[in-house]
Amino acid sequence: MHRLSRYLPVLDWGRRYNADKLGADLVAALIVTIMLIPQSLAYALLAGLPPEAGIYASILPIVLYAIFGTSRSLAVGPVAVISLMTAAAIGGLGDQGIDYATAALTLAFLSGAFLLLLGVFRLGFIANFLSHPVIAGFITASGILIATSQLKHILGIEASGDTLLELVPDLWRAMGSINWITAAIGLSVIVFLYWVRSGLKPLLRRIGLGPTLSEMGAKAGPVFAVVASTLAVWAFDLTGRGVDIVGSVPQSLPPLTLPSFQPSVLTAMIGPAILLSIIGFVESISVAQTLAARRRQRIDPNQELIGLGAANLGAAFSGGFPVTGGFSRSVVNFDAGARTPAAGVFTAAGLAIAALALTPLIYFLPNATLAATIIVAVLSLVDFSVLKRTWRYSRADFAAVSATILLTLIFGVEAGVSAGVLISVLIHVYRSSRPHMAIVGQVPDTEHYRNVNRHDVITDDSILSIRVDESLYFANARNLEDRIYDMTADRGDLKHVILMCSAVNEIDMSALESLEAINSRLKARGITFHLSEVKGPVMDRLKTSSFLDDLTGKVFLTQHGAVRCLAKTAQTYPSPSRDGVSI
């Protein structure tokens with residue numbers, strides 16, 4: 001049973017479910033359902049899909065995640081960034097005669113399959129290639145793109161484009177045809193939603209409502225906006241005055257759908273699906289781990305991959321589009337007291353009721369209201385402070401963040417995130433290819449060895465002790481050779497060179513060949529080459545080669561033992577050398 005619950009977490013929390021958890025989960029589900037109805041419609045609009053797709057993507061995927069996922073608070077469904085990436089991925093398929101809805105189903109299917117494979121083969125570490133600064137830059141740029149793309153709905157004009165360079169000129173050219181009634185609705189909703197975030201809850205508390213009802217009222221702000229704007233359009237017949245509305249929405253549960261298996265569609269979707277999956281997983285696991293830590297719960301990243309994969313496969317076969325764990329709704333779910341993933345199942349039930357009973361009521365819902373909901377949600381994701389922080393801490397990270405933001409805005413989301421990953425990897429390779437190396441000496445009256453340029457230490461002219469602060473592999477092997485040759489070139493009294501390996505976790509074949517070359521070259525000059533503080537796994541690997549047999553010196557367990565032994569052999573006594581120059 002325990003082994004099975006590892007792959008089906010529902011068996012773990014389900015057998016301990018009780019009435020107290022049921023009550024907490026029902027309250028949380030009610031709050032999240034109220035929040036999710038307008039969000040689902042809005043994110044479908046952002047993805048370029050019919051509004052019902054947003055509701056469908058929030059029903060079966062939530063249930064499947066509750067069965068396979070490990071987070072007790074994560075709320076799965078459509079999110080802004082993934083919806084934008086979906087729109088960008090399927091936007092170019094219209095010319096090929098592929099229906100957008102089918103393309104979105106295919107994207108969800110490929111994303112789910114990819115996530116599932118990563119989880120089964122425990123390959124979640126792939127997501128680590130996206131650094132947090134790059135993710136922050138990508139989300140900031142995506143927030144700007146999303147908000148800009150929704151201005152056409154706010155202003156009631158025609159504009160298109162996937163990048164800022166395409167959107168801004170198109171919007172500017174259409175400014176003369178603004179529908180002022182639509183603009184009044186959209187701008188009013190934006191102002192109202194911003195006020196709801198900070199002002200509605202205190203107001204409800206002042207009029208006597210309790211904490212729970214006040215919280216529910218504040219989270220229902222978008223619903224109030226939906227109801228008010230829908231009634232206004234219906235009562236004043238604003239559709240006849242150019243206000244675009246949602247229109248007819250099917251009154252049904254999610255249908256059984258099939259993605260496209262045409263080779264041309266699969267080929268076009270596989271790249272975006274991989275990028276979308278990694279972005280979605282990084283966002284989801286960050287939220288899940290943050291919330292789990294607050295309750296001392298455990299998240300299994302590889303099982304999360306399986307849970308998210310199952311959720312996306314569910315979206316593919318139930319009329320949805322790609323989904324992941326959303327930050328805002330997960331925090332709401334957590335703060336509302338959700339105790340188990342059953343809260344997600346109850347949320348799915350609430351959305352199913354809405355799909356069956358409430359869809360006729362949103363016929364007159366203006367698109368401007370949904371666009372305003374999106375804008376308010378995504379502008380909270382825009383964080384330019386990451387530029388200041390990375391500039392002060394690491395210019396290389398600043399370059400990666402800046403490039404990600406600029407390339408996303410100029411060339412689109414796929415180019416931006418791809419460039420961010422590539423730049424992050426290149427920066428890591430560059431840094432590790434030039435490892436920090438220091439000549440070290442003994443701190444007086446201790447067994448500690450420190451950089452001679454930072455500390456007052458004892459050295460010996462016949463012994464050169466070098467610490468390398470990086471694992472040794474093909475990218476830095478040649479640099480290691482050159483640096484050691486430079487350090488030993490002008491030392492006429494040198495008899496011993498010690499390579500301190502306390503920070504070396506791995507030595508690959510290229511680095512081993514470099515160590516062999518260093519050993520041979522130093523031997524030709526009458527200098528003995530030694531290693532110290534070699535870690536067990538590294539030593540085990542070295543023992544499989546002939547390097548240790550050819551090594552002119554010894555392998556010492558400690559740096560102190562190496563210097564003491566060599567100083568005694570050389571019949572010299574360490575003399576203090578106090579350079580004291582800080583670098």
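Student: Which residue stands opposite Thr-528 in E8?

Tutor: His-496 does. Before we go on: this is a predicted model, where local features need pLDDT of at least 70, side-chain atom pairs count only at pLDDT 80 or more, and totals for chains, interfaces and linings use all residues. Residues are numbered from 1 along each chain as its sequence is written, and side-chain values use heavy atoms, with hydrogens and water left out.

Student: How many bridges join E7 to E8?

Tutor: Five, and the two strands run parallel. E8 covers residues 528–532. Strands (E, at least two residues) and helices (H or I, at least four) are DSSP runs, numbered from the N terminus. Two strands pair if DSSP finds at least two bridges between them.

Student: And which residue stands opposite Leu-499 in E7?

Tutor: Ile-466. Strand E6 (residues 463–468) is joined to E7 by five bridges, and these run parallel.

Student: Which helices sit in the β-α-β units?

Tutor: Helix H22 (residues 477–488) goes with E6 and E7 in a right-handed unit. Helix H23 (residues 509–524) goes with E7 and E8, again in a right-handed unit. Right-handed means that, with the strands pointing away from the viewer, the path from the first strand over the helix to the second runs clockwise.

Student: Why is E7 called largely enclosed?

Tutor: Because five of the five residues of E7 (residues 496–500) are buried. Buried means under 20% relative accessible area, exposed over 50%, partly exposed in between (1.4 Å probe, protein chains only).

Student: Which residues lie on each side of E7?

Tutor: His-496, Ile-498 and Met-500 are on one side, Val-497 and Leu-499 on the other. Both faces are covered. In a regular strand the side chains alternate between the two faces of the sheet.

Student: New topic: Ser-229. Buried or exposed?

Tutor: Buried, with a relative accessible area of 7%. Ser-229 is in helix H13 (residues 221–235).

Student: What does the side chain of Ser-229 contact?

Tutor: The side chain of Thr-369, in a polar contact at 2.8 Å. Such a contact is a pair of N or O atoms within 3.5 Å; within protein, one must be able to donate a hydrogen and the other to accept it, and residues adjacent in sequence count only if both atoms are side-chain atoms.

Student: Last one. Where is Gly-350?

Tutor: In helix H17 (residues 342–357). Gly-350 counts as partly exposed because its relative accessibility is 21%. Its C-alpha atom is separated by 55 Å from that of Ser-433, 83 residues apart along the chain.
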